[in-house]
Amino acid sequence: MLDIQALRNDIDGVAARLAARGFTLETARFQELEAQRKVIQTRTQELQAKRNASAKQIGMAKAKGLDTTDIMAEVAQVGDELKQLEAKLPLVLQEMDAFLSVIPNTPHSSVPVGLSEADNVEMRRVGVVSTFDFEVKDHVSLGEGIGGLDFDTAIKLSGARFSLLKGGLARLHRALAQFMVDTHADQHGYTETYVPYLVNAASMRGTGQLPKFEEDLFRVPRQMGEGGVQNFYLIPTAEVPVTNMVRDEIVPLESLPMKFVAHTPCFRSEAGSAGRDTRGMIRQHQFDKVELVQMVHPDESYAALEGLLGHAEVILQKLNLPYRVMKLCSGDMGFSAALTYDIEVWLPAQNTYREISSCSNFEAFQARRMQARFRNANGKPELLHTLNGSALAVGRTLVAVLENYQQADGSIVIPDVLRPYMGGLEKLIKVVA
RNA sequence: GGAGAGGUGGCAGAGCUGGUUGAAUGUACCUGACUCGAAAUCAGGCAUACGGUAACCCCGUAUCGGGGGUUCGAAUCCCCCCCUCUCCGCCA
């Protein structure tokens, strides 16, 4: 949610910044709504004030045993108009809210202007891309080759875009997640959290998934009393439950920065991506992710973003996986972000870099929706800045390990840092299950 | 799932036979006085959002779990929902 004050003060400036990301702000519509709102709201409050004053007078008069018919008659006149306005006001406010809640965040001034992925800017490449003296296989062949990856059964159980891991591969997947969480908790100062995987609509609204992106979510309706239905949503990322911990809170200044790490499954219906990445486990309805979330003082958020990005990079460095860091252009950023870095890992079989992490600063965009605040040095409530990043997507990291650590015989060498999590195992080879 | 109790300001806790109550009182916290300093004591302050405004002054509106209703007026009355606690049942 943008600051409505910014729209009132400089709507053309805001519109120009949004245009950079391909969003057309309907300025006339805003001004029309704002004009309506102002008339109705001020008049309503005026009448309410009048009514309240009269009611108070009636109260006092009755206490003294005086006659109140005159004042009662006076209030009756206010009644009709007020009733109409009180019915109309919430409708106008709702319209305004609906208008505001589908406007994306304005990009930070350093964000390169562009329309698509192609305009993203490469910041750096880290690690050495290995050369193989044999024909590389992709993760599907490798996984199926060692007998640990079973899409056929996953399809039987659930359908397309699910995967089933077994044996050493399942353990490697778990090892990756644990290694990531341990690293962030023990070395980067994040507090480990375990969070709900089903959240309510208010939480989804807080981080920006609702109302605009409902089709990307799995909704779980639950029958409540008297025919009412309460919707739960499966989290598309741990960002949702973790960030919403501070929804409707005013946290003390000393508690900043707040840093959390969570390992959760993520559920995405991938409604708009039919036909993309259909082979393998790159794009799934369910995948695990280790997520970093920070709530920080507004002055610190960009420094915090660099820090958070670095924490994600550490994982790739420790795994010795080659990657590059991309700064997303205005047209490729997510709805709520002001600035986003993607980390892309090298996948030999695709002969390209693929996204494995996305680290964003949302500034106050999410905090404003959530009313997530801290008490500043003057003792006044002020909106927090929120950030998050994947560190990393576990499934895609597994893919990267398989492909980058493959051997000529189809076996997979286990990265050094993961061996303690694998009972000391050094290599995954074919096992008859 | 059954039975009962309850949800009020940072916390505790009144009010709930409708009326000058955004809300007593206590406590925590902040400021000042006293003190060499502290404690104790005394005085004062201390919710949030939105609107009027550019404004952290000022004025107004809303908010006593959420929504709806009755009324000139609702924390207080009525209806629906949610949540918490206790006991029983069931259960990983």
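I began with C329, which counts as buried because its relative accessibility is 0%, under the 20% limit. The model I am reading is predicted.

**Cysteines**

I searched the whole structure for disulfides and found zero. C266 is in no disulfide; its nearest cysteine sulfur belongs to C359 and sits 14 Å away. For C329 the nearest cysteine sulfur is again that of C359, at 17 Å.

**Domains**

I noted two domains in chain A, domain 1 covering 26-101 and domain 2 covering 117-428. I then looked up the distance between their C-alpha centres, which is 48 Å.

**R324**

I located R324 in strand 9, residues 323-327. Is R324 buried or exposed? R324 counts as buried, because its relative accessibility is 17% and the limit is 20%.

I listed what R324 touches, leaving out residues up to four places away in sequence: E122, R124, R125, D342, I343, E344 and Y353. Two of these contacts I followed up at side-chain level. The R324 side chain makes a polar contact of 2.8 Å with that of E122. With the side chain of E344, R324 makes a polar contact of 2.7 Å.

**Salt bridges**

Side chains of opposite charge can pair when their charged atoms come close. I counted 21 salt bridges in the structure and wrote down several.

I took E291 and K289 next; their closest N and O atoms are 2.6 Å apart in a salt bridge. E291 is buried, since its relative accessibility is 3%. K289, at 6%, is buried as well. I then checked for salt bridges with shared partners and found that E122, R125, R324 and E344 are joined into one network.

I turned to E32 and R29, whose side chains form a salt bridge at 3.8 Å, N to O. Both residues lie in helix 3, residues 27-64, three residues apart, which is about one turn of the helix. E32 is partly exposed, with a relative accessible area of 42%. R29 is also partly exposed, at 28%.

My last pair was R354 and D277, with a salt bridge of 3.1 Å, N to O. This pair links distant parts of the chain, 77 residues apart: R354 is in strand 11 (residues 352-361), and D277 is in the loop between strand 7 (258-267) and strand 8 (286-296).

Methods: Residues are numbered from 1 along each chain as its sequence is written. Chains are lettered from A and ligands numbered from 1 in the order in which they are written. This is a predicted model: local features need pLDDT of at least 70, side-chain atom pairs count only at pLDDT 80 or more; totals for chains, interfaces and linings use all residues. Side-chain values use heavy atoms; hydrogens and water are left out. Domain bounds come from an automatic or database domain assignment. Helices (H or I, at least four residues) and strands (E, at least two) are DSSP runs, numbered from the N terminus. Buried means under 20% relative accessible area, exposed over 50%, partly exposed in between (1.4 Å probe, protein chains only). A polar contact is a pair of N or O atoms within 3.5 Å; within protein, one must be able to donate a hydrogen and the other to accept it, and residues adjacent in sequence count only if both atoms are side-chain atoms. Contact means heavy atoms within 4.5 Å. A disulfide is a pair of cysteine sulfur atoms within 2.5 Å. A salt bridge is a side-chain nitrogen of Lys or Arg within 4 Å of a carboxyl oxygen of Asp or Glu.
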